Amino acid sequence: VVCASVLWSTDYDDAISNRDVFACHGLDAAGNIYAGGTQTVPAGCCALSSQSLFRKYDPQGALVWSRTVDLNEIHDAQTNAVGESALAGIGPDGSSWAVVKVDANGVTLWTRSYNTIPLFPIAANGVTIAPNGDVIAVGYEIVVGEGLNWRVLKYDSLGALAWSVSYNSPGSRDDVAQSVEVDSSGNVIVAGYEDRVDLGEGLNWIVRKYSPTGTLL
């Protein structure tokens, strides 16, 4: 019988003890833990608002730093070996998706947003960061006549857009990318779902693999 014991436990409560929700985490080569989520903050008289929060803990669970980030909601975050993190979710306007890259000290290096139709809400669902600092984000966008299409965006380490690809299934209904990883060769693996109403099958899951330059493999 293998028995497990808790090494440490920590929690977080905002200043007004309201709603705080954990969303995602990352881990660097030194064992530091990076956690993201939302906290509730006052927003004028008798009003409350959500604010995205990203925090770093050392391997013993001590808080190293805590930073607010320019996201309405954090949906995913990943950290590479040197402690650079990429975060993705919904931007401050509440309708565009946003991607934020921060360094190991929690300093924002760059922020990028994406939308095709203003005021039509879309979101980034997943993100990954390569060892060289490149960032790949995935999510969905609205395309007239095609419902939701999944979208994959790759940024280089400095935040320049390297490539962008979309996917619309033959059913031309809702197709959503939900998670992404990059392998040791730089290939990008994306998972999500497609609506195959054209086959009478409803929602199917789908996995697609792209080359480092965005070519479907």
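## Basis of the description

Two strands are treated as paired if DSSP finds at least two bridges between them. The structure described here is a predicted model. In general, strands of a sheet pair through backbone hydrogen bonds, in either the parallel or the antiparallel sense.

Strand 2 and strand 3 run antiparallel and are joined by 10 bridges. Within this pairing, Thr-38 has Ser-52 of strand 3 as its bridge partner. The hairpin that these two strands form has five residues between the strands, and Gly-44 there takes a positive phi near 90 degrees.

Strand 3 also pairs with strand 4, which covers residues 63-68; this pairing is antiparallel and extends over five bridges. Leu-53 has Thr-68 of strand 4 as its bridge partner. The hairpin of strand 3 and strand 4 has five residues between the strands, with Gly-61 at a positive phi near 95 degrees.

## The largest pocket

The largest pocket holds about 350 Å³ of space. Its lining consists of 16 residues, of which Tyr-12, Phe-22, Ala-35, Arg-55 and Tyr-57 are the closest to the centre of the pocket.

At least two residues each come from strand 1 (21-27), strand 2 (33-42) and strand 3 (48-57). Strand 2 provides the largest share, with six residues. Sorted by class, the lining of the largest pocket comprises seven nonpolar, six polar and three charged residues.

An open sheet is built from four strands in the order 5-6-7-8, with antiparallel pairing. Strand 5 (73-79) and strand 8 (108-114) are at the edges; each has a single partner strand, so one side of each is left without a neighbour in the sheet. On average, and with direction ignored, neighbouring strands of this sheet are turned by 15 degrees against each other.

Val-102 has Thr-108 of strand 8 as its bridge partner.

Strand 9 and strand 10 run antiparallel and are joined by six bridges, with Thr-128 having Ile-136 of strand 10 as its bridge partner. Their hairpin has five residues between the strands, and Gly-133 takes a positive phi near 95 degrees. Strand 10 is joined to strand 11 by nine bridges, again antiparallel, and Ile-142 has Leu-148 of strand 11 as its bridge partner. The hairpin of strand 10 and strand 11 has three residues between the strands, and Gly-145 takes a positive phi near 85 degrees. Strand 11 (residues 147-155) is in turn joined to strand 12 by six bridges in the antiparallel sense, and Leu-153 has Ser-164 of strand 12 as its bridge partner.

## Burial of strand 10

Strand 10 spans residues 135-143, and eight of its nine residues are buried, so the strand is largely enclosed by the rest of the structure. The cut-off applied for a buried residue is a relative accessible area under 20%.

## Positive phi outside glycine

Ser-17 is a residue other than glycine with a positive phi, near 50 degrees. Ser-17 is located in the segment before strand 1, and at 52% relative accessibility it counts as exposed.

Ser-172 likewise is not a glycine and has a positive phi of about 50 degrees. Ser-172 lies in the loop between strand 12 and strand 13 (175-182). With a relative accessible area of 28%, Ser-172 is partly exposed.

Trp-205 belongs to strand 15, residues 203-210. Trp-205 has a relative accessible area of 76% and is therefore exposed, the cut-off for this class being over 50%.

Apart from its neighbours within four places in sequence, Trp-205 is in contact with Gly-192 and Tyr-193. Trp-205 and Val-176 are 29 residues apart in sequence, and their C-alpha atoms are 9.5 Å apart in space.

Technical notes:
Residues numbered from 1 in each chain as written. Predicted model: local features only at pLDDT ≥ 70, side-chain atom pairs only at ≥ 80, totals over all residues. Heavy atoms only, no water. 1 Å grid on protein atoms, 1.4 Å probe; cavity = no way out; pocket = protein on both sides within 12 Å on 5 of 7 lines; lining within 4 Å. Points joined across faces, edges and corners; volume = space filled by probe spheres on them. Nonpolar A, V, L, I, M, F, W, Y, C, P; charged D, E, K, R; others polar. Buried < 20%, exposed > 50% of the residue type's maximum accessible area, 1.4 Å probe, protein only. Contact = heavy atoms within 4.5 Å. Axes fitted to C-alpha atoms, helices over the stretch in contact; angles between N-to-C directions.
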